[in-house]
There are 2 protein chains.
Amino acid sequence: MLAVWLEKGRVETRQLPRPQIEPGEALVRVLVVGLCNTDLELLAGYYGFQGVPGHELVGLVEEAPSRPELVGRRVVADINLGCGVCPLCRAGDARHCPDRKALGIKGAPGAMAEYLALPAANLMPVAEGLSDQEAVFAEPLAAALEPAQQIQLRGRDRVLVLGDGKLGLLCALGLRHWTPGLILAGRHPGKLSIAQAQGVRVLLSSDPALGQGGFDLVVEATGRPEGLAQALSLVRPEGVIVAKTTSHEPSRLDLARLVVDEITLLGSRCGDMRLALHFLAERLLQVEPLIQASYPLAQAERAFALAGRPGALKVLLDLR
Amino acid sequence: MLAVWLEKGRVETRQLPRPQIEPGEALVRVLVVGLCNTDLELLAGYYGFQGVPGHELVGLVEEAPSRPELVGRRVVADINLGCGVCPLCRAGDARHCPDRKALGIKGAPGAMAEYLALPAANLMPVAEGLSDQEAVFAEPLAAALEPAQQIQLRGRDRVLVLGDGKLGLLCALGLRHWTPGLILAGRHPGKLSIAQAQGVRVLLSSDPALGQGGFDLVVEATGRPEGLAQALSLVRPEGVIVAKTTSHEPSRLDLARLVVDEITLLGSRCGDMRLALHFLAERLLQVEPLIQASYPLAQAERAFALAGRPGALKVLLDLR
């Protein structure tokens, strides 16, 4: 089968053997895969990754001995592959299993290939009414909704999402259903307009109205290490900053401000994909405007090049 | 009256006029004052401070027209002097009033003087059975108990206090009543033994037993910017770090670890002095072993010199 292969900072396509499923696994034919900033970090050499990337997928189940009802259905997949035996896994929290593998990131081949073997337990069926291009957003949308799973968001809270990249847009479009007054701030009028067209209040980061600060919650999704300092300047005393940026440069943190104003800084990673599928199926947000381009698997190198350009939105690989 | 005066990195004593009270204020004759790391930072030039420092006090009320029942009683004082009219002050949270003054720190003369004028509303009477040297710990002990006011501590939580300085010792001695299994880790066997003698489990920071990490909560009270990285290495995924260190050097924060493991970092400053007085009056901890030395006001320079030595515990000024 054809697969994307990352090695030494290069994107290649290779012929690899089709995976064999182990007990408990399902064989999934991949339909659409999304490129994520994490894939670009893998390419840049973080995590010492080498292999098949891809963790945002929608696919068609071809074999699933342990869950035969899934055969012939379209699915998305939770990317966390827990050990299954540790206390966290037994409590249903494979996301934080210390020995977990992560699809296409760590210890498990990813979805940028024609076929993929996955634990059947990780698969979630996709509603009929959702297109493949919509369903592929389930994984990043789950991450965007995660702040609302970690802390209580109330309707009257003053919430700011910082950063108008893919993740910031999804955060704003999703979280505003908890807090309708949410504001999205970013540097790109074109991207802000995508959120504004769906009812989000938007501001340019340079707008003096933002400078007044005093937000109860700031979701830091700028993707830049300096975003944290900006978030600290905008949150109120005793407020919360949710950090979504996984920058590999250390951030400089004004700990005195954090302590004196008793601010909470909360890290936030991936989330509840069933909730994300609900949001997509109920059309609580429109994700198609976030799609920048779509390429066949054989053109993965072009797809990565486009995704790596500053300001790029979602780039997909289409294997159908 | 005699008062300590900090200016240009020097500690002096000066004769100053005795303060006149304004409406709503009380005149307090100071009995004992504690030196705190913040006082050392004021001396070092942070905040551009110049004037009379001192915010840990016990005193005797001489005049209090608005609260005559306090006259002749010993009191401690909340150091936050709110504006009284903003929404936070009206909600009873002068601690975070944006226009607040802070006794001996910002905008209001401190307690290292024979007399002090203070809003009568900030005063809390001290129980008869408490000595002046114990009562003067109400302010730092309130700060030490503050983590338990910000998050729920349960008996079974795995809690680590990092740092065996004055604040770390008070945190461990106080917070263990919420979580008896609490561990205090530090670098000084002599200081650790103060906590151990009162029933706290202690470990040297270099002890391999600590390296296993996995704590639900780490209270970072090392006073050093690098303490944050150590706390991050010891907290479990989805765990909480409470930051008590107000270092003025920026800390380096591994934001990727925070995000991937969804860790909460919570700033924590001063706290509920009524709760601290309760802990002292009920003898839930012994604070006298934390007293390093006591000087008369006229020897304030010596007191500051001793308090500034690495490893120094609590230094008091005794005006009685």
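**Interface and helix packing**

Tutor: Chain A and chain B bury about 2900 Å² between them, and carbon and sulfur atoms give 59% of that area. Buried area here is the accessible area (1.4 Å probe) that two parts lose on being put together, summed over both. This is a predicted model: local features need pLDDT of at least 70, side-chain atom pairs count only at pLDDT 80 or more, and totals for chains, interfaces and linings use all residues. Side-chain values use heavy atoms, with hydrogens and water left out.

Student: Which three residues of chain A supply more of its buried area than any other three?

Tutor: A:Leu255, A:Val259 and A:Glu262. They supply 22% of the area that chain A buries against chain B.

Student: How many residues are in contact?

Tutor: 33 residues of chain A touch 33 residues of chain B. Contact means heavy atoms within 4.5 Å.

Student: What rotation superposes chain A on chain B?

Tutor: One of 180 degrees, with 0.0 Å of shift along its axis and an RMSD of 0.0 Å. That is the relation of a two-fold axis. The same surface serves both copies, as 100% of the contact residues of chain A recur in chain B. The superposition is by least squares on the C-alpha atoms of residues with pLDDT of at least 70 in both.

Student: New topic, helices. At what angle do H4 and H5 of chain A pack?

Tutor: At about 55 degrees, with axes 8 Å apart. H4 covers residues 138-150 and H5 residues 166-175. Helices are DSSP runs (H or I, at least four residues), numbered from the N terminus. Axes are lines fitted to C-alpha atoms over the stretch in contact, and angles run from 0 to 180 degrees between N-to-C directions.

Student: What do we call that orientation?

Tutor: H4(A) and H5(A) are oblique to each other. Angles under 35 degrees count as roughly parallel, over 145 as roughly antiparallel, 65 to 115 as roughly perpendicular and the rest as oblique.

Student: Which residues of H4(A) and H5(A) meet?

Tutor: Among them are A:Leu141, A:Leu145 and A:Pro147 in H4(A), and A:Leu167, A:Leu170 and A:Cys171 in H5(A).

Student: And in chain B, at what angle do H4 and H10 pack?

Tutor: About 105 degrees, again with axes 8 Å apart. H10 of chain B spans residues 273-281. That makes H4(B) roughly perpendicular to H10(B). B:Leu141 and B:Leu145 of H4(B) are among the contact residues, as are B:Met273 and B:Phe279 of H10(B).

Terms used
Residues are numbered from 1 along each chain as its sequence is written. Chains are lettered from A and ligands numbered from 1 in the order in which they are written. Helices (H or I, at least four residues) and strands (E, at least two) are DSSP runs, numbered from the N terminus.
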